[in-house]
Amino acid sequence: MKIAVCIKRVPDTDLRFSIARDGQSLDQTGLKYDISDFDGYAVEVALRLVEQQKAGEVVVVSLGPDAVQETLRKAFSMGAERGIHLRADTVPFDGMVIARALAAELREGGYDLILFGRMSTDSANGTVGPMVAGLLNLPCVSGISHLDIADGRGTARRELEGVAEEVTFPLPAVLTIDEGIARARLPSLKGIMAAKKKAIDTKPAQLGEAKLTVEKMELPAERAAGRIIGEGADAVPELVRLLQTEAKVL
Amino acid sequence: MANTFAYAESRAGSLRTVAFEAVSAARRAADASGGGEVHAMLLGAPGIAARAEELGRYGADVVIVVEHAGLERYNPEVAAATAAERIRSGGYRAAFFAASAEGRDLAPRVAAALDTSLASDVTSFELDGDAVLAQHSVFAGKAQVRVRLTGSPALVSLRPGAMAPVEAARSARVETAAPAIDPASARVVVTAMLDRGSAKLDLGEAPVIVSGGRGLRAAENFKLIEDLADAFGNAAVGATRAVTDDGWRPATDQIGQTGRVVSPTLYVAVGISGAVQHLAGMRSAGTIVAINKDKDAPIFKIADYGIVGDLFEIVPRLTEEVRKAKGG
Ligand SMILES: Cc1cc2nc3c(=O)[nH]c(=O)nc-3n(C[C@H](O)[C@H](O)[C@H](O)COP(=O)(O)OP(=O)(O)OC[C@H]3O[C@@H](n4cnc5c(N)ncnc54)[C@H](O)[C@@H]3O)c2cc1C
Ligand SMILES: Nc1ncnc2c1ncn2[C@@H]1O[C@H](COP(=O)(O)O)[C@@H](O)[C@H]1O
């Protein structure tokens, strides 16, 4: 079983953000970067499959500046075997541009499965996985919360609003990984040591023309400071009155 | 004058609210570019054509109906091929989808098929000459970007609930079309459907959401949350990841960065601390109410109205008062 997992390096969203002078990007001061949440789950899913089947290889792929090599090494320390770094000065915002470059790399890779996160935690587009599937003409299931592979076929569950579907599909296939399937394991000490020796193959990303560009980035308008109406159940009538007369939602 | 395209989502023979939102957005785009036509595509099992008229109410001039016994449920490969074929041949300037579970799956496939770019999960948009300028929230809602989309056609998926559909009644012409590929040839096959309480109001469509957090202390205490939701009458129940992780509520109830992103008119957060990952899913709600015993809980920073105290005393009282206010 040969599995590729596409992983993105993203800033930690728990920290305070401010906007850079260009008005189009984040001020980098004090930012910490890590693997995007869902991509960590995707690495975990791939590792478990290879462990179960006792054969195979997990290859991690990341597009971006040299710093993405740290993210690839993080995945190595979890257990991924090999890394591919598609070098680009910056990560484009346009999902199609990323998808074209990833698809060009993955096309001839002979992968049984290509995994993505459901969406990245920075740009939050949630488009790259199905786009790559489309470009490679592979079957695709997006947003899966459960996966089994046996005899060259996969079974997955995906949550749609209010219902869930169980689906089967042939390999090779593209899957995007949702919440609830697996939490990313923590790197072991042994893993961290081994990660240093694993190989990263670096090549230029084949970026086409971007037709979606960021013109402006801003912090959301702060919600007008709210008020604490009172304490305990005695404050309830006042709350209901405000919901009726001020907010007019009741 | 250019025509615009909208994908009208249906489920079990009925149109979803997001279908009207997509048609309404397409209407606005068509009007802004000199009054072209809106062509809405509706896929479904035989009989779905009966719904075409409802799309006219929100501004569709033409409804392209694709009926097939194999299209009772969303079939990604067929929907993508059929929508892409029509968008290609129709010469549309822009095409609108919902950023719902279905639309998030479909729109990027259509973008790949047409080799064009997609602005995803858009909360508002305007036209600027041939370009679309769209707002989209990034970094778990901690920032937002305005993107310029210059692809032709421009593909846009709309955050559910962000732009209310506006009536623009006309009587839509119905055209019929065949699926671009045989539904039986799809490689991904649905083998079972699991009901996740779809009889209840969906989080994406509910005007009011009452959400509970770890402060509820146990699964059975969610009865308090359900009772309050019942009192509102038009409310769905949500939860934090702390709650869904512990299995007190199903994972599908989770609101936040890694759960559902919602924008109801009213959001009531009960026993929820207000972690950034949770706020990412609900900060665009119209009015936010928080009930928490800790006056320093971060949820109070974004709540319009807060009550400090024990939820086990406050919520039953609130349920009672809401019932009264609703006249029941
Ligand atoms: C990668 C990642 C993704 C995540 N995604 C999500 C997500 O999508 N959605 C999400 O919700 N979380 C998400 N989280 C988790 C998030 O960080 C928080 O841990 C979680 O939201 C906390 O849930 P909570 O508010 O229910 O619990 P807590 O933070 O434990 O808060 C409980 C609150 O209840 C109050 N309380 C307790 N007892 C009472 C009482 N009797 N009366 C009134 N108030 C009371 C307390 O004062 C406290 O404020 C994510 C975390 C990570 C790392
Ligand atoms: N620069 C990148 N390098 C590698 N994988 C990426 C990159 N950007 C996006 N992806 C993958 O595509 C998924 C969806 O990203 P997005 O469409 O940007 O939300 C991510 O979870 C990753 O799996």
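Buried here means under 20% relative accessible area. The legends below describe close-up views of a predicted model.

**Figure 1. Two buried cysteines of chain A in the predicted model.** A:Cys140 is buried, with a relative accessible area of 2%. A:Cys6 is buried as well, at a relative accessible area of 6%. The sulfur of A:Cys6 has its closest cysteine sulfur in A:Cys140, 12 Å away, which is too far for a bond. A disulfide requires a pair of cysteine sulfur atoms within 2.5 Å. By this rule, the count over all chains is zero disulfides.

**Figure 2. Helix α2 of chain A and the residue that follows it.** The helix covers residues 68–78 of chain A. Its buried residues are A:Val68, A:Thr71, A:Leu72, A:Ala75, A:Phe76, A:Ser77 and A:Met78. After α2(A) comes A:Gly79, with a positive phi near 140 degrees.

**Figure 3. Ligand 1 between chains A and B.** The ligand lies between these two chains. It is surrounded by 26 residues, and the closest of them are B:Arg214, B:Thr240, B:Thr258, B:Ser273 and B:Asn292. By residue class, the shell around ligand 1 divides into 14 polar, six charged and six nonpolar residues.

**Figure 4. Polar contacts of ligand 1 with chain B.** A nitrogen atom of ligand 1 is 2.9 Å from an N or O atom in the side chain of B:Asp310. Two further contacts involve the backbone: an oxygen atom of ligand 1 is 3.0 Å from a polar backbone atom of B:Gly271, and an oxygen atom of the ligand is 3.4 Å from a polar backbone atom of B:Gly259. Taken alone, ligand 1 exposes 990 Å², of which the protein buries 81%. In chain B, the elements giving two or more residues to the shell around ligand 1 are α6 (241–245), α7 (276–279) and α9 (311–325).

**Figure 5. Confidence of the prediction.** For chain B, the mean pLDDT is 94, and 98% of the residues of this chain reach 70 or more. The predictor gives the complex an ipTM of 0.91 and a pTM of 0.90. Where pLDDT is low, predicted coordinates should not be read in detail.

Note on methods. Residues are numbered from 1 along each chain as its sequence is written. Chains are lettered from A and ligands numbered from 1 in the order in which they are written. This is a predicted model: local features need pLDDT of at least 70, side-chain atom pairs count only at pLDDT 80 or more; totals for chains, interfaces and linings use all residues. Side-chain values use heavy atoms; hydrogens and water are left out. Buried means under 20% relative accessible area, exposed over 50%, partly exposed in between (1.4 Å probe, protein chains only). A residue is near a molecule or strand if one of its heavy atoms lies within 4 Å of it. A polar contact is a pair of N or O atoms within 3.5 Å; within protein, one must be able to donate a hydrogen and the other to accept it, and residues adjacent in sequence count only if both atoms are side-chain atoms. Accessible areas come from the Shrake-Rupley method with a 1.4 Å probe; for residues, only the protein chains shown count as cover. Helices (H or I, at least four residues) and strands (E, at least two) are DSSP runs, numbered from the N terminus. Ala, Val, Leu, Ile, Met, Phe, Trp, Tyr, Cys and Pro count as nonpolar, Asp, Glu, Lys and Arg as charged, and the others, Gly among them, as polar. pLDDT is the predictor's confidence in each residue, from 0 to 100.
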